[in-house]
Every structure is written in structure tokens, then in C-alpha cells.
Protein chains: 4
Amino acid sequence: MTISQQIRSTIDSLRAQVAELHAELPRNGLVIWTAGNVSARVPGADLMVIKPSGVSYDELDADAMVVTDLHGNLVEGNHLPSSDTAAAAYVYRHLAHVGGVVHTHSPYATAWSTLGIPVPCVLTMMADEFGGDIPIGPFALIGDDSIGKGIVDTLRGSRSRAVLMANHGPFTIGKDAKDAVKAAVMCEDVCRTVALARQLGVPHPIPQSDIDSLFDRYQNIYGQDGHTDGNS
Amino acid sequence: MTISQQIRSTIDSLRAQVAELHAELPRNGLVIWTAGNVSARVPGADLMVIKPSGVSYDELDADAMVVTDLHGNLVEGNHLPSSDTAAAAYVYRHLAHVGGVVHTHSPYATAWSTLGIPVPCVLTMMADEFGGDIPIGPFALIGDDSIGKGIVDTLRGSRSRAVLMANHGPFTIGKDAKDAVKAAVMCEDVCRTVALARQLGVPHPIPQSDIDSLFDRYQNIYGQDGHTDGNS
Amino acid sequence: MTISQQIRSTIDSLRAQVAELHAELPRNGLVIWTAGNVSARVPGADLMVIKPSGVSYDELDADAMVVTDLHGNLVEGNHLPSSDTAAAAYVYRHLAHVGGVVHTHSPYATAWSTLGIPVPCVLTMMADEFGGDIPIGPFALIGDDSIGKGIVDTLRGSRSRAVLMANHGPFTIGKDAKDAVKAAVMCEDVCRTVALARQLGVPHPIPQSDIDSLFDRYQNIYGQDGHTDGNS
Amino acid sequence: MTISQQIRSTIDSLRAQVAELHAELPRNGLVIWTAGNVSARVPGADLMVIKPSGVSYDELDADAMVVTDLHGNLVEGNHLPSSDTAAAAYVYRHLAHVGGVVHTHSPYATAWSTLGIPVPCVLTMMADEFGGDIPIGPFALIGDDSIGKGIVDTLRGSRSRAVLMANHGPFTIGKDAKDAVKAAVMCEDVCRTVALARQLGVPHPIPQSDIDSLFDRYQNIYGQDGHTDGNS
């Protein structure tokens with residue numbers, strides 16, 4: 001595969017960004033050991049940058065990242081790509097607006113994933129970030145396109161950037177890798193708060209029209225100038 | 001707007017203080033990502049210092065802070081003010097004794113906020129710090145004075161320096177920004193302890209006369225010499 | 001009060017030790033803000049070294065510690081002694097074997113304190129460390145000897161080095177300050193584990209004869225050579 | 001006992017590795033104070049390297065480690081071996097494939113251990129790592145071979161590398177010490193997630209055939225090239 005000088009430069013930059021973003025996962029309590037991974041689409045090419053398999057978080061620098069095509073075939077790298085590469089690749093192939101995908105086994109989101117019911121939108125921050133409930137995806141085994149298809153089918157019908165794959169854990173998407181990492185952090189946070197609320201009693205729902213108005217405002221105000229870091 | 005030399009000096013000092021106090025929010029587990037903010041009234045002027053919108057905690061130095069008037073209009077700063085500026089400004093306009101306001105989405109306080117019932121005063125530390133139950137404010141959408149009004153209306157009838165705005169999260173006030181940060185830290189701590197107690201059984205209430213006597217003593221002993229750091 | 005050269009040297013050494021031990025409290029999640037305190041009896045004198053009131057954990061060095069007599073009167077120091085000085089002093093006056101006292105509001109122990117029932121001994125580590133259930137003390141207001149008396153009356157009838165004062169929080173004792181800090185760390189840990197167990201179901205009790213045999217062995221093996229750091 | 005030059009070199013290397021691996025225990029929230037320990041079999045000799053008793057985690061360097069034979073008798077070291085040496089030694093004597101043993105009192109695993117029922121396999125990560133439920137071992141007192149025998153008897157009939165000894169805490173095994181530490185980290189993580197799930201409702205089970213297929217794939221893919229760090 002021939003890589004133009006411009007794409008070369010984009011890849012090098014993404015290798016550094018994706019490596020650095022992995023530090024947010026343990027820092028926010030989303031992963032232990034080597035679990036969890038971040039990937040980024042390479043704009044202008046049918047390529048993605050993703051975490052290598054089985055490398056510890058202390059060793060995850062730009063050089064350790066691997067590059068694959070959008071079917072998960074290795075293009076560059078000294079390690080095997082993450083075992084979740086096929087799922088991320090499927091998402092990039094089928095959802096053109098997605099620039100980043102994150103997968104973790106963060107505890108509260110994974111706990112919700114075992115129950116088969118969406119996480120109810122009872123927080124203004126959920127309305128802002130996810131536009132409603134966080135949906136549950138199907139149970140799917142690793143090894144073919146089942147996980148990727150489950151993610152895409154679930155998120156296509158939802159405003160949410162997070163899906164909890166049943167008995168497995170959250171996958172989040174974003175316009176770029178940082179946005180997908182933000183969605184993973186926010187997803188665990190709201191899954192935790194709603195779980196704590198349910199232990200105390202029955203959380204009051206937010207009326208749908210209020211959810212709509214919070215989501216619309218947040219997308220418009222924070223979206224227009226790249227301020228996707230809102231809630232502050 | 002002309003700013004006298006004395007106010008100039010006060011603003012510069014508050015910019016540094018408010019920037020530094022933001023570090024207490026992630027350090028005490030009250031915020032993730034860029035959520036949460038601290039503000040301070042500028043004594044002697046109708047101004048306040050507040051966190052900018054969408055700036056990460058690592059970049060929050062004195063220069064990054066913004067100054068607004070007490071209607072939230074930008075007076076100084078290279079960033080937009082926090083999206084919670086209108087709520088804080090409303091509080092400063094209506095409660096003259098308030099010198100600092102803090103807002104977070106800390107998990108236990110936010111969980112309690114969804115239930116519609118106050119957090120019951122079952123801890124001596126709650127009696128000391130909050131003088132009774134921590135009240136719940138109304139559900140209010142961002143965009144006008146509803147949140148500010150909800151905070152002020154709820155806190156006017158209460159000894160508490162914390163209010164849990166329904167389905168949203170805690171706002172705390174203090175005589176200055178540090179005191180409001182302390183209230184935010186204490187609020188999450190007691191919300192957590194009472195939540196844990198409720199999972200174990202039915203916590204014993206503290207008689208009202210004992211709550212009164214604890215609160216009175218704490219205000220007098222710790223208040224007289226600036227020792228608002230009590231409980232030790 | 002005249003202080004001999006030997007006592008002078010002991011006090012200086014205890015000031016440093018007690019200051020350093022305070023770092024264990026936030027490190028183990030037992031305290032927030034300036035809450036919590038450690039004290040040590042000065043062997044050979046009717047004196048104790050304790051944390052000053054309202055000083056942040058970052059500033060707690062040997063010089064900041066205060067020395068009081070065993071009625072809580074200030075003997076040395078630039079700050080007021082902790083507001084829990086009277087309780088600690090009462091313990092030193094009435095329990096001759098106690099060389100250290102620690103008080104925190106650690107969340108799980110404080111949650112248990114509101115329920116009026118002892119924490120049941122369902123863990124071998126509880127049998128080792130506390131010799132049975134962790135008892136609840138009476139509800140007592142600050143300001144006279146009620147707290148100190150409640151601690152002493154409860155611990156006199158128990159093997160436990162920890163008592164949970166009702167609606168208030170844990171006090172722990174030890175042969176020296178480090179031993180009391182260890183008891184505070186272990187107390188929160190077992191209060192947490194037993195709370196988690198109760199959320200999952202009904203923990204199996206440990207027969208009294210097994211509790212006795214675990215406690216006896218632990219005291220003898222770890223006690224004989226100063227190895228009070230056991231459980232490893 | 002005469003130690004060949006090759007075994008000497010292996011022991012020195014294992015002393016460093018085992019010392020370093022202890023840092024993973026507090027880093028992952030598995031131990032407090034001096035509780036918990038890691039050991040490694042010395043390949044080619046009837047020896048093991050284990051943590052000394054009652055030494056704090058800050059002082060655990062290669063020199064502090066102790067060497068015992070597989071009956072727990074001290075061969076090298078300036079400290080007594082961990083009080084769990086007999087249990088680890090029993091495991092090494094009876095399970096030839098085990099190269100590392102870890103014991104902690106990690107909170108969620110220990111909470112489950114009090115209930116007398118296995119932790120149900122409701123997570124794909126559990127199927128990958130443990131091949132099914134995590135079993136509960138018998139209640140056993142320290143002092144003879146009861147704990148070691150309980151571990152071996154339970155794990156012999158299971159794919160799991162973790163056993164929760166009743167009312168005591170988890171023991172994990174691995175092909176080497178690092179693998180056993182990984183199992184301890186993963187064990188606490190899944191015990192926590194399943195506990196959180198149970199507080200929210202009734203987790204959906206994973207069909208046995210899917211558990212089998214996940215476990216088989218994970219062993220084969222990650223096992224063939226030493227990639228036991230999977231789940232990423």
C-alpha cells in the first residue's frame with residue numbers, strides 16, 4: 001500500500017494522539033491491566049490507528065500503535081492489533097461520521113450491560129451528552145462481525161454515542177478519538193450516578209420535551225465552535 | 001468599564017485563588033473531564049471571577065480565568081465564561097453574604113438529587129456543617145434565571161450551604177470561594193455516607209435539639225476566628 | 001511546666017511521628033479536608049501530642065503539632081489543639097495501656113455507626129484484628145467528657161481496638177499512634193467489606209470458637225516480636 | 001542446601017520480579033497496610049520466593065524477599081516469611097503447573113467469599129479469564145494445611161485461576177507470578193462488576209456453550225504466543 005506524504009503525516013500525528021488518549025482510560029478508572037482500547041480513523045484513507053494487543057499502559061507510546069485497513073488487516077506495526085479491531089473497523093466502514101471508537105469494561109457501564117434494559121435518562125448531563133437513554137446492544141461473540149454489527153445497528157437508531165454490549169461492556173463513538181474517549185468517561189459517570197440513585201429509591205424521570213431541549217441546546221452551543229468539552 | 005487599581009489587585013489575586021481551588025474538585029472526586037466550576041465575587045465591585053468554558057483542568061491557571069459582571073456579561077478573558085455563569089451571577093445578585101459559588105455533578109449528591117427528598121441529617125458532621133437536612137431544589141432548565149432562582153429560593157429558607165438541584169447536581173455557597181469548595185467536598189462526603197447507611201438499614205435520626213446545639217457550637221467556635229476548617 | 005531533657009527528646013520524636021502518620025489518613029481514604037486526627041501519649045509524662053485544629057494536611061509537619069496535658073490544656077504549640085482533644089485525653093487518662101488514639105469520619109465505618117448495631121464478625125481479618133464484632137458507642141455531644149466516656153465504656157468490655165460512636169464516626173486505639181492508625185485503616189476496610197457482603201446477601205457467621213482461636217494466634221504470633229503489621 | 005549457579009541466578013531474578021509485582025496490589029486497590037502477598041516457584045528447584053511478614057509496601061525490594069523450601073522452611077532471608085507461606089507451599093507441592101500464587105483481601109472478592117455461593121459467570125471477561133463461575137473454597141483456619149488443601153481441592157475441579165476462601169479472601173494461581181497477579185486483579189474487577197449488577201437487578205446468564213467458546217478462543221489465541229495479557 002502506497003501512503004502519500006500527507007497521509008503519512010496524519011498517521012504520525014494520530015499515533016501520538018491515540019497513544020496519549022489511552023492514559024485517560026486508567027486515569028478515569030475505566031480500565032485495569034491491558035483491557036480497553038482507543039482507535040482513530042485516518043481521514044482521507046481507508047485506515048485506522050489502534051492499540052496493539054497485550055501491551056501494558058506504561059509502554060503505549062506512538063511507536064507501539066498499529067495501523068490497519070478498515071477490515072482489520074495489519075498495515076504498520078510491530079505488534080498484533082487489539083482483539084477489538086474487527087469491531088472498530090466495522091463501525092468505521094458503516095458510520096461515515098465516526099472518527100474515533102473506544103471500548104472499555106468500565107464497572108458500572110458493564111454492570112448495566114448485563115440487565116438487558118437501557119440506562120434511563122434521569123440526569124441533565126445524560127440529556128446533554130447522550131440525548132436520552134443509553135441503549136443496550138445484543139449479546140455477541142468475538143470472532144466475526146457480530147459485535148461491530150451490534151454496535152452499528154444499535155447506535156443508528158439512537159442519539160447516544162455509547163452502547164452497552166450485553167454482558168460485555170461499553171463501546172463509544174465520536175467525531176474523533178478524543179470525543180469518543182470523552183463519551184466513554186461520561187458514560188461510566190452517568191451509569192454510576194444512575195446506579196447509586198437506584199439504590200436510594202426511584203429516580204424521577206425527565207420529561208421527553210426537556211430532554212430534547214437540553215440535547216438541542218448542548219449540540220448547538222457547544223457544537224458550533226468545537227467546544228465539545230461542555231458541562232462546565 | 002473602569003477598574004480602580006485596588007480592584008485590579010483584588011481581581012488578580014482572585015484569579016489565582018479560583019484557578020488553584022479548581023484542583024480540589026478532581027482531587028476530591030467531585031468532577032470528571034471539564035465538568036464543574038468555582039467562582040468568586042469581587043468584593044467592592046459588581047464583578048465575579050469564574051472558570052472558562054471547555055478548558056481542561058490541566059490548563060486552568062490564573063490567566064485562563066474570566067471576569068464577568070453580575071449579569072454574566074464578559075468583562076475580561078480569552079474564553080467564554082462557564083455555562084453556569086448565569087446561575088452563579090443570580091446568586092451573587094440576590095444573596096449579599098455569598099462570596100463564592102461551586103457547582104459539580106459529584107456522584108452521590110447527584111444521585112440524591114434525582115429522588116425529590118432531602119438528604120436526612122443523621123450525622124454529627126451534617127449538623128455541624130449544614131445545620132440539618134440538605135435540601136433539594138426544583139428541576140430547572142439552563143438558559144434563563146430558573147437555576148439561579150431555584151438555588152436562591154431553596155437556600156433562603158435553610159441553614160444549608162448546599163442545594164441539590166433536581167436531576168442535575170449540587171450547588172454550594174460560602175463566604176468566599178474556598179468556603180464554597182469546602183461545602184462541595186463535605187456535601188459529597190455526607191451524601192455518600194448517608195447513602196451507604198441506607199443500604200445497610202435505617203439510619204437513626206438525630207434529635208432536632210441536638211442538631212441545633214451542634215450547629216450553634218460549630219458556627220461560634222469555628223466561626224469567630226476564621227477557623228471554618230473545623231471537624232478536626 | 002518543666003520538661004526534662006529526656007521527655008523533650010521524646011516529644012520531638014513523637015511530633016515528627018504523629019505528623020507523618022497523618023499522611024496515612026487521606027492516603028487510605030479515611031478523611032477529607034482537615035477532618036480526622038491522630039494523637040500519641042508521651043510516655044513518662046502526663047502529656048499528649050495531637051493535630052492542631054483547622055490546619056490542612058499539606059501543612060502538617062512536626063512543628064505544627066501541639067502538646068497538651070491529659071485534660072486537653074495547651075502546653076506547647078502555635079495553634080489550638082484539635083476539637084477532639086478532650087475525647088483523646090479522656091481515653092489516655094482512663095486506659096493506661098493506650099498509647100495512641102485516632103478519629104476519622106471514614107465513610108463505611110460512619111455509615112455503620114448510624115444503625116445502632118455492631119458490625120458482625122464475618123471475616124477472618126476481623127477476628128485477627130478486632131477479636132469479634134466492632135461495637136457501637138453511645139450518641140454523645142461534643143463539649144464535655146461524653147465522647148471520651150462513651151469510647152472508654154464501650155472498649156473496656158471488648159477486644160476491639162475500634163468503636164463506632166453513634167451517628168458520628170470511628171475512634172480507634174493502639175499501643176502507640178501507629179498501631180491506632182493501623183486499626184483505623186483496618187476498621188474502614190472491614191466495615192466496607194461487610195457492607196458489600198450485606199448488599200449481596202446474608203454473610204455466613206464465623207463460629208465463636210474459631211474467632212477466639214484466630215484472635216489468640218494473631219496476638220501471640222504477631223504480638224511477641226512487635227510484628228503488629230500481620231495479615232500478610 | 002547447595003544452590004547451583006543457574007538456580008542462584010534464577011532466584012535473584014525472581015526476587016526482583018516478585019518485589020516489583022507487589023506494587024500492583026495497592027495500585028489496583030487489592031490490599032491495604034501490609035496485607036496481601038505474591039510468591040513464585042523457583043523453576044528447577046524445590047524452592048519459592050515470597051514476601052516477608054510485616055514489612056511495609058514501601059520497603060519491599062529484592063533484598064527484602066525471602067526464599068523457602070516447598071514446606072515453608074526458611075532458606076534465605078532476613079525476615080520471617082509471610083504467614084500465608086504454608087498455603088502457597090501446599091499449592092506448589094500439589095499443582096505442578098502453578099508457577100505463582102497471590103493472596104489478597106480485596107473488598108469485593110472477600111465480600112463474595114462470605115456468602116457460600118460462586119460468583120456467577122455473567123460477563124464475557126469472566127468467560128475469557130476464568131472459564132465460568134469463580135468458586136468458593138471451604139472455611140479453613142490458618143496453622144496447618146487446611147487452607148492449602150482447600151485451595152487445591154477447589155481449583156482442581158475448575159477452569160478458574162481464582163478461588164474465594166470462605167470468609168477469608170481470594171487466592172489466585174498462574175503459570176508464573178505475573179499471571180497470578182493478573183488473575184487477582186481480574187478477579188476483583190469481575191467480583192465488583194457482578195456485585196454492582198446484582199444491586200441493579202438480575203444479571204442475564206451467558207449460555208454454557210458461549211462460555212466454552214469464549215474460554216477456548218482466549219486460551220488458544222492469547223495462549224499460543226505468551227499473550228496472556230489479552231482482553232484488549
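Modeller: Let's begin with Ser160(B), which, apart from its neighbours within four places in sequence, is in contact with Phe130(B), Asp133(B), Ile134(B), Pro135(B) and Leu155(B); contact means heavy atoms within 4.5 Å. This is a predicted model, in which local features need pLDDT of at least 70 and side-chain atom pairs count only at pLDDT 80 or more, while totals for chains, interfaces and linings use all residues. Residues are numbered from 1 along each chain as its sequence is written, chains are lettered from A and ligands numbered from 1 in the order in which they are written, and side-chain values use heavy atoms, leaving out hydrogens and water.

Ser160(B) sits in the loop between helix H6 (146-156) and strand S7 (162-165) of chain B. Helices (H or I, at least four residues) and strands (E, at least two) are DSSP runs, numbered from the N terminus. With a relative accessible area of 3%, Ser160(B) counts as buried; buried means under 20% relative accessible area, exposed over 50%, and partly exposed in between (1.4 Å probe, protein chains only). The side chain of Ser160(B) also reaches the backbone oxygen of Ala162(B) at 2.7 Å. That is a polar contact: a pair of N or O atoms within 3.5 Å where, within protein, one must be able to donate a hydrogen and the other to accept it, and residues adjacent in sequence count only if both atoms are side-chain atoms.

Another loop to look at is in chain D. Leu141(D) lies between S6 and helix H6 (146-156) of that chain, and its relative accessibility of 24% makes it partly exposed. Not counting residues up to four places away in sequence, Leu141(D) touches Ser146(D) and Ile147(D), as well as Asp210(C), Ser213(C) and Leu214(C). Leu141(D) and His168(D) are 27 residues apart in sequence, and their C-alpha atoms are 9.4 Å apart in space.

Two strands pair if DSSP finds at least two bridges between them. S6(D) runs parallel to strand S7 (residues 162-165) of chain D, with 2 bridges joining them, and Ile136(D) has Leu164(D) in S7(D) as its bridge partner.

Of the 24 residues of H7(D), 20 are buried. At the start of H7(D), a side-chain oxygen of Asp176(D) comes within 3.3 Å of the backbone nitrogen of Lys178(D).

Chain C lets us see strand pairing in detail. S3(C) (residues 66-69) pairs antiparallel with strand S2 (residues 47-50) of chain C over 4 bridges, and Ile50(C) has Val66(C) as its bridge partner in S3(C). S3(C) also pairs antiparallel with strand S4 (residues 74-76) of chain C over 2 bridges, and here Thr68(C) has Leu74(C) as its bridge partner. The hairpin of S3(C) and S4(C) has 4 residues between the strands, and Gly72(C) takes a positive phi near 85° there. Val66(C) and Thr68(C) point one way from S3(C), Val67(C) and Asp69(C) point the other way, and all are buried.

Finally, let's see how the chains are arranged. Chain B superposes on chain A (RMSD 0.0 Å) by a rotation of 90° with 0.0 Å of shift along its axis, which is the relation of a four-fold axis. Copies are superposed by least squares on the C-alpha atoms of residues with pLDDT of at least 70 in both. In chain B, the C-alpha nearest the axis is that of Gln199(B), at 5.1 Å. Only 3% of the interface residues of chain B are also interface residues in chain A, so the copies meet through different surfaces. No contact joins chain A and chain C, whose closest C-alpha atoms lie 10 Å apart.
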